[in-house]
Structure formats: structure tokens, C-alpha cells
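Colleague: I'm new to this one. Can you walk me through it?

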Amino acid sequence: MDRDACYRLCLRLTERLSRGDTRALRCATEKELNGFKAIRSRCHENVDRWCRLHPGHVPVRGWLNSGGILDRHSVVDPGDGTLLDISPRRDAAQLPFLLHDTEDGPFDTLPHQVIVTRLLL
């Protein structure tokens with residue numbers, strides 16, 4: 001992704017954040033994981049593996065917002081419209097999740113991280 005495209009992505013994400021387009025995530029409990037071993041920093045692979053083991057569960061791609069730093073992240077929709085985070089994180093803080101918009105391009109081609117400055121918010 002070239003510099004101009006990255007800047008446009010940053011502006012689009014910032015606009016969506018300012019509109020409050022984020023969703024709440026629920027961290028999976030040990031009971032829900034039922035022995036599933038998710039690997040830290042491998043959320044996309046964890047979610048793909050989880051969904052193969054749980055028919056009806058759907059991978060959801062997007063951005064985890066930790067105070068202006070947006071990290072590409074994958075979670076699971078278990079079929080009830082909620083978003084379940086099955087991947088371990090350093091902290092279990094409730095962070096807002098911004099769904100991937102296909103207008104931003106194919107998810108796997110986007111930068112792993114986007115930093116949003118306060119000037120853009």
C-alpha cells in the first residue's frame with residue numbers, strides 16, 4: 001500500500017471512529033474455549049481454525065482500537081450477532097472493535113497497524 005492510499009485509509013478509519021461505528025467485544029472464557037489453544041498474536045489463524053471446528057461460527061475481520069492505535073484483528077461471530085474474541089491478549093481490557101469495510105480493500109492487504117493522531121479525530 002503506497003503512502004497516499006495509507007493516508008486515505010487512515011482518514012476513512014478516523015471518520016468511522018468519530019461516528020462511533022465500533023462494536024463491543026466479549027473475551028472468551030476458559031469454559032467457552034473448552035480446551036482450544038489460541039496462540040497470542042495469531043488472531044487470524046486462531047479464528048480460521050476455530051471456525052473450522054465450530055460450524056455456524058463466522059470469522060469477522062476488523063480493527064482493535066487501543067487509544068488511537070488500530071491493529072488488524074479477527075474475532076468470531078458465534079451466530080448470535082455478538083463478537084467473541086478467542087485470542088489471548090496482554091490485557092483483557094474491553095477495547096472497541098471497528099468492523100472491516102470492504103471499501104478499504106482486501107483485508108489481508110491492509111497494514112497490520114494504523115496510528116490515528118488526535119489531529120485527525
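Modeller: Start at glycine 20, which follows α1 and has a positive phi, near 80°. Helices (H or I, at least four residues) and strands (E, at least two) are DSSP runs, numbered from the N terminus. The model is predicted: local features need pLDDT of at least 70, side-chain atom pairs count only at pLDDT 80 or more, and totals for chains, interfaces and linings use all residues. Residues are numbered from 1 along each chain as its sequence is written, and side-chain values use heavy atoms, with hydrogens and water left out.

Colleague: OK. Which residues of α1 are buried?

Modeller: Ala5, Leu9, Cys10, Leu13, Thr14, Arg16 and Leu17. Buried means under 20% relative accessible area, exposed over 50%, partly exposed in between (1.4 Å probe, protein chains only).

Colleague: What covers them?

Modeller: The cover includes β2, β3, β5 and β6. Contact here means heavy atoms within 4.5 Å.

Colleague: Switching to strands. How many bridges pair β2 with β3?

Modeller: Eight, in the antiparallel sense. Two strands pair if DSSP finds at least two bridges between them. β2 and β3 form a hairpin with three residues between them. Glycine 67, in the turn, has a positive phi of about 70°.

Colleague: And how many bridges join β2 to β5?

Modeller: Three, and those strands run antiparallel. Leucine 64 stands opposite phenylalanine 97 in β5.

Colleague: What about aromatics? How many pairs are there?

Modeller: Two aromatic pairs. Rings of Phe, Tyr and Trp (its six-membered ring) pair if their centres lie within 6.5 Å; planes under 30 degrees apart count as stacked, over 60 as edge-to-face and the rest as tilted. Phenylalanine 36 and tryptophan 50 are edge-to-face, 5.0 Å centre to centre, with 90° between the planes.

Colleague: Why does that pair tie together parts 14 residues apart in sequence?

Modeller: Because phenylalanine 36 lies in the loop between α2 (30–33) and α3 (43–53), while tryptophan 50 is in helix α3. Phenylalanine 36 is buried at 10% relative accessible area. Tryptophan 50 is buried too, at 2%.

Colleague: And the other pair?

Modeller: Tryptophan 63 and phenylalanine 107, also edge-to-face: 6.5 Å centre to centre, 70° between the planes. Tryptophan 63 is in strand β2 and phenylalanine 107 in the loop between β5 and β6, 44 residues apart. Both are buried.

Colleague: What sits over the ring of phenylalanine 107?

Modeller: The charged end of arginine 72, 5.1 Å from the ring centre. The rule: NZ of Lys or CZ of Arg within 6 Å of the ring centre and within 35 degrees of the ring normal. Arginine 72, in β3, also stands opposite tryptophan 63.
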